[in-house]
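Hi everyone, thanks for coming. Let's take a friendly walk through some side chains together.

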Amino acid sequence: MHTAADVAAPAKRPRGRPRKTVDERDDGNRRRTVLRHAARLFRRNGFDATSTRDIASAAGMQSGSPFYHFKSKQALLFAVMEEGMRSALQRQRDAMRDAGMESLEPTARLRLLVRNHFESLLGAGSDYIPVMLYEQRSITRSQRAALAELQGAYEGDWEPVLRALHAAGRLRADVKLARLMIFGALNWSVQWFDRRGEATLDDLTDAALALFLAETP
């Protein structure tokens with residue numbers, strides 16, 4: 001006859017979400033690997049000239065492996081753009097928080113935003129945003145709308161800064177037109193900036209502010 005002590009207690013059911021397996025964690029890593037190599041190739045060669053075989057080869061995968069993570073090459077393109085825009089927005093919000101944005105005067109705020117924008121466009125691992133800027137014809141209308149929402153949040157952080165500069169007489173153009181022209185000028189730098197050249201991102205930031213802002217009245 002068994003005593004109560006001899007009977008094994010039933011195993012407790014673990015609380016919360018079950019832990020991910022090694023394979024499941026690797027899936028997330030492989031997805032990021034695909035995105036990174038796709039962004040680089042889309043930027044270098046263009047969407048049309050880049051095949052999924054090219055992306056798989058660059059990522060060290062079988063030719064059909066990207067389709068495990070993305071339904072099509074077009075879906076992968078949108079994922080690259082969305083990842084770039086979400087990362088840029090988070091980077092901008094982090095930079096604003098870390099610098100104590102509200103305590104800065106308007107010119108210093110604009111300098112922070114411009115320098116951070118150049119980092120997203122031209123810094124290390126910066127292939128995502130240029131792909132978004134120049135390959136939007138290859139995504140659907142609903143995908144463009146989703147990106148526009150993220151862009152609106154990103155550019156919305158600039159609006160109060162530009163308004164403050166306009167009120168102080170440092171920004172003489174209409175705020176909306178100035179914002180469009182500023183982003184147009186900054187974004188075009190991906191076409192000509194050479195990281196191996198003498199100009200640094202700080203140099204570009206200084207030049208941009210000298211171009212956009214009038215002297216103090």
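**Charged pairs and rings**

Let me start with F193, which counts as buried because its relative accessibility is 16%; buried means under 20% relative accessible area, exposed over 50%, and partly exposed in between, with a 1.4 Å probe and protein chains only. Before going on: this is a predicted model, where local features need pLDDT of at least 70 and side-chain atom pairs count only at pLDDT 80 or more, while totals for chains, interfaces and linings use all residues. Residues are numbered from 1 along each chain as its sequence is written, and side-chain values use heavy atoms, leaving out hydrogens and water.

Now the rings. Searching the whole structure gives four aromatic pairs. In one of them, W192 and F193 sit edge-to-face, 6.4 Å centre to centre with 75 degrees between the planes. For the rule, rings of Phe, Tyr and Trp (its six-membered ring) pair if their centres lie within 6.5 Å; planes under 30 degrees apart are stacked, over 60 edge-to-face, and the rest tilted. Ring pairs also link Y154, W158 and F183 into a cluster.

On to charges. How many salt bridges are there? The count comes to 13, taking a side-chain nitrogen of Lys or Arg within 4 Å of a carboxyl oxygen of Asp or Glu. Among them, R137 pairs with E135, with the closest N and O atoms 3.4 Å apart. R137 is exposed at 58%, whereas E135 is buried at 7%.

Another salt bridge joins D194 and R196, at 3.3 Å between the closest N and O atoms. D194 is partly exposed at 36%, and R196 is exposed at 77%.
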